[in-house]
Amino acid sequence: MKLSLFLICFLVLLPLSLQDPSPNQVKAPTRAHAELTNHGFPIGLLPLSVKDYFINKTSGEFSLFLDGTCKITLPPDNYLATYSKQVTGRIFQGKIAELQGIRVRAFFQWWSITGIRSSGDNLVFEVGMVTAKYPSKNFDESLDCEGRRRSSS
Ligand SMILES: *[C@@H]1O[C@H](CO)[C@@H](O)[C@H](O)[C@H]1NC(C)=O
């Protein structure tokens with residue numbers, strides 16, 4: 001179906017966008033990235049610039065905050081993926097549920113990623129009732145948001 005086609009494009013193109021990182025970029029993973037790793041997920045599910053992060057270890061509920069809305073454009077067809085300033089959900093071992101704040105735009109509409117599961121070497125993305133499975137290794141690196149004003153001095 002169309003959505004799957006889009007996600008395949010997304011995952012094929014993602015490594016290309018990782019090949020030319022800006023040299024002055026700090027790539028230190030945040031605590032939020034570490035939390036992903038602790039729960040069996042690759043850090044590339046989050047952009048680089050996570051500003052703040054809270055988790056309730058009992059319930060798995062988390063909130064993370066970016067500097068602002070984070071946008072990543074995926075060439076050559078300019079698909080957009082956006083992260084809201086606040087992303088919330090519940091994280092368990094191998095499972096992220098009740099996810100809010102991550103969307104992809106394809107075929108003239110926005111699709112919210114509602115959940116992500118880790119399954120062997122793959123990640124299963126849930127978009128409502130639809131799921132799509134892709135290799136986790138495509139998400140081994142964390143992307144930078146684009147169009148950000150950064151103080152590079
Ligand atoms: C964490 O979640 C548990 C279970 O839902 C709840 O009882 C507790 O009050 C929460 N703690 C905080 C600090 O929100």
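**Burial, Helix and Hairpins in a Predicted Chain**

Visitor: What share of the 153 residues in the chain is buried?
Guide: The model is a predicted one, in which local features need pLDDT of at least 70, side-chain atom pairs count only at pLDDT 80 or more, and totals for chains, interfaces and linings use all residues. Residues are numbered from 1 along each chain as its sequence is written. A residue is buried if 20 or more other C-beta atoms lie within 10 Å of its own, exposed if 12 or fewer, and partly exposed in between, with C-beta atoms placed from the backbone. By that criterion, the buried share of the 153 residues is 22%.

Visitor: Which pattern does the chain follow along the sequence?
Guide: Helices (H or I, at least four residues) and strands (E, at least two) are DSSP runs, numbered from the N terminus. The chain has two helices and nine strands. Read along the sequence, the pattern is α-α-β-β-β-β-β-β-β-β-β.

Visitor: Is Leu 36 buried or exposed?
Guide: Leu 36 lies in helix H2, which spans residues 31-38. Because 23 other C-beta atoms lie within 10 Å, Leu 36 is classed as buried.

Visitor: Which residues are in contact with Leu 36, leaving aside its neighbours within four places in sequence?
Guide: Two residues are in contact if their C-beta atoms, placed from the backbone, lie within 7 Å. With those neighbours set aside, the contacts of Leu 36 are Phe 41, Pro 42, Ile 43, Leu 45 and Leu 46.

Visitor: How far apart in space are Leu 36 and Ile 96, C-alpha to C-alpha?
Guide: In sequence, Leu 36 and Ile 96 are separated by 60 residues. In space, their C-alpha to C-alpha distance is 9.6 Å.

Visitor: Which residue in E6 is the bridge partner of Ala 106?
Guide: Two strands pair if DSSP finds at least two bridges between them. Strand E5 (residues 95-106) is joined by four bridges to the antiparallel strand E6 (residues 109-112). Two residues lie between the strands of this hairpin, where Phe 107 takes a positive phi near 55°. In E6, the partner of Ala 106 is Gln 109.

Visitor: Which residue in the turn between E8 and E9 has a positive phi?
Guide: Strands E8 (residues 122-127) and E9 (residues 130-135) run antiparallel and are joined by six bridges. Within this pairing, Val 124 stands opposite Lys 133 in E9. The two strands form a hairpin with two residues between them, and the residue in the turn with a positive phi, about 60°, is Gly 128.
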